[in-house]
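I opened this entry to keep track of what I looked up, strand by strand and helix by helix. My notes follow the display.

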2 protein chains.
Amino acid sequence: MGKNACGNELAPGVMRRLPCYLNYLKGIPSGSGYISSATVASALGYGDVQVRKDLAQISGRGKPKMGYEIDNLIAALESTLGYTSYKSAVIVGAGKLGMALYGYDGFSEYGLEIVAAFDADEKITRDIIRGTIYPASYFSEYCRKHRIDIGIITVPRSEAQKVCDEMVKCGIRAIWNFSPAILSAPDSVTVRNENMAESIAVLSRSLEEMPAGK
Amino acid sequence: MGKNACGNELAPGVMRRLPCYLNYLKGIPSGSGYISSATVASALGYGDVQVRKDLAQISGRGKPKMGYEIDNLIAALESTLGYTSYKSAVIVGAGKLGMALYGYDGFSEYGLEIVAAFDADEKITRDIIRGTIYPASYFSEYCRKHRIDIGIITVPRSEAQKVCDEMVKCGIRAIWNFSPAILSAPDSVTVRNENMAESIAVLSRSLEEMPAGK
């Protein structure tokens, strides 16, 4: 997975916790000064030793008795997570979910900019929300003309593998899949599934297992 | 976690794999007849023995030499995952992401119906997409009048804990959190975080670790 400032590899478990640290720290009012790893651990329900080790890998040891300067720690986390180097993304599938992601301005906080959207329906090429939606037939030409880092798939299940194949052919090496399809892609391509079905299952089951009442 | 048809507890690992089985099976053209656990295992990259054990817990042993009747297996998975018992949900936060989820019709496939949306901005009470957006001040009264199973949070980080507290107070016991905030809730309430920041980090880092070029 990621590397820290010294170029050392970070374990996947550490990489998974880093966004949680970052979220927590960003929720603290700015100008709050220093924070100890023990405070972070207790707020997130992690082990004290684990947090100390994680943060030491990202940002050194912190100041004795004071801990970490919050703004510095945020900067170190953002850099390690790759949020400070901008990535450009395209969306394929201009349905409601695709359009919502296209119009959502919260991703820039994480260094992601969605630069274009495409749809198989050639008629949907109107200006919408903040940009043009291109016909899918223009996709490969667009990718040749622009550097695209991440492909976002928001087409129905039945179309998703075709879109994935096209993205891979166009040199896209990171795919964010919002469709329920299980995609197959070469090992050199990273596929991240946003599995909303699993989330709904977890929530639904939890309701059925609880005793009725409160 | 979940229980199978005999009321036995299913391990969390099994529960996580079930939506993957279901996705895969739903991608097979209907009327395809039978499928073996070995075929499922190979398609999903799981171990053969693991898939056989998982499916046996959900749907018995299958027919010798033929395997499982696909439609029956889908029905058993949907039932175990809780997709067949409808859950009603409300959204709090009528920004772009909230509205996209409100207007998205793909959740019904998983037994989830979003019945109302609320926003702190009292002026946003127009009919939009498919329903009314109520002012947040009406939230608790709405929850008293309707059975609400799941609360969906799509407000900014700074508002999320307040909304979570309000949901808990109104008797909601399952919360789907799309905000980047880390929520604290009683143990009796299940919180599921849709951590898009983590997804972006994973994709961004993967790009930085790959050798340039193909």
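**Strands of chain B**

I began with a pairing: strand β3 (residues 87-92) of chain B and β7(B) run parallel and are joined by four bridges. I noted for myself that this is a predicted model.

I then looked up who faces whom. B:Ala89 of chain B lies opposite B:Ile150 in β7(B), and B:Val92 has B:Ile153 in β7(B) as its bridge partner.

Next I checked the other neighbour of β3(B). Strand β4 (residues 112-119) of chain B is parallel to β3(B), with six bridges between them. One of the partners I looked up is B:Glu113 in β4(B), which bridges to B:Ser88. Between these two strands the chain passes through helix α5 (residues 96-103) of chain B, and the β-α-β crossover is right-handed.

β7(B) covers residues 150-153. I found that β7(B) also pairs with strand β8 (residues 174-177) of chain B, again parallel and over four bridges. There, B:Ile150 stands opposite B:Ala174 in β8(B). β7(B), helix α7 (residues 157-169) of chain B and β8(B) form a β-α-β unit, and this unit is right-handed.

**Faces of the strands**

I reminded myself that side chains in a regular strand alternate between the two faces of the sheet. With that in mind I asked which residues of β3(B) are buried on each side. B:Lys87, B:Ala89 and B:Ile91 are buried on one side, and B:Ser88, B:Val90 and B:Val92 are buried on the other. The tally for β3(B) is six buried residues of six.

I repeated the check on β7(B). B:Ile150 and B:Ile152 are buried on one side, B:Gly151 and B:Ile153 on the other, and both faces are covered.

**One residue in chain A**

I moved to A:Ile150, which sits in strand β7 (residues 150-153) of chain A. Is A:Ile150 buried or exposed? A:Ile150 counts as buried because its relative accessibility is 0%, and the cut-off for buried is under 20%.

I then looked up what surrounds A:Ile150. A:Ala89 is 61 residues away along the chain, but its C-alpha atom is 4.5 Å from that of A:Ile150. Leaving out residues up to four places away in sequence, A:Ile150 touches A:Lys87, A:Ser88, A:Ala89, A:Val90, A:Leu112, A:Ile172, A:Ala174 and A:Trp176, and also B:Leu203 and B:Leu207.

**Helices**

I looked at helix α5 (residues 96-103) of chain A and counted seven buried residues of eight. The buried ones are A:Leu97, A:Gly98, A:Met99, A:Ala100, A:Leu101, A:Tyr102 and A:Gly103.

Then I took a helix pair in chain A. Helix α1 (residues 12-26) of chain A packs against helix α4 (residues 70-80) of chain A at about 145 degrees, with the axes 10 Å apart. Their crossing is left-handed. On the α1(A) side the contact involves A:Met15, A:Leu18, A:Tyr21, A:Leu22, A:Leu25 and A:Lys26, and on the α4(A) side A:Ile70, A:Leu73, A:Ile74, A:Leu77, A:Glu78 and A:Thr80. By class, I noted nine nonpolar, one polar and two charged residues in this contact.

I finished with the pair in chain B. The axes of helix α1 (residues 12-26) of chain B and helix α4 (residues 70-80) of chain B come within 10 Å and cross at roughly 145 degrees. α1(B) passes α4(B) in a left-handed crossing. Residues in this contact include B:Leu18 and B:Tyr21 of α1(B) and B:Ile70 and B:Leu73 of α4(B). By class, the contact has eight nonpolar, one polar and two charged residues.

Definitions and conventions: Residues are numbered from 1 along each chain as its sequence is written. Chains are lettered from A and ligands numbered from 1 in the order in which they are written. This is a predicted model: local features need pLDDT of at least 70, side-chain atom pairs count only at pLDDT 80 or more; totals for chains, interfaces and linings use all residues. Side-chain values use heavy atoms; hydrogens and water are left out. Buried means under 20% relative accessible area, exposed over 50%, partly exposed in between (1.4 Å probe, protein chains only). Two strands pair if DSSP finds at least two bridges between them. A crossover is right-handed if, with the strands pointing away from the viewer, the path from the first strand over the helix to the second runs clockwise. Axes are lines fitted to C-alpha atoms, for helices over the stretch in contact, and angles run from 0 to 180 degrees between N-to-C directions. A crossing is left-handed if the near helix is turned anticlockwise from the far one by less than a right angle, and right-handed if clockwise. Contact means heavy atoms within 4.5 Å. Ala, Val, Leu, Ile, Met, Phe, Trp, Tyr, Cys and Pro count as nonpolar, Asp, Glu, Lys and Arg as charged, and the others, Gly among them, as polar.
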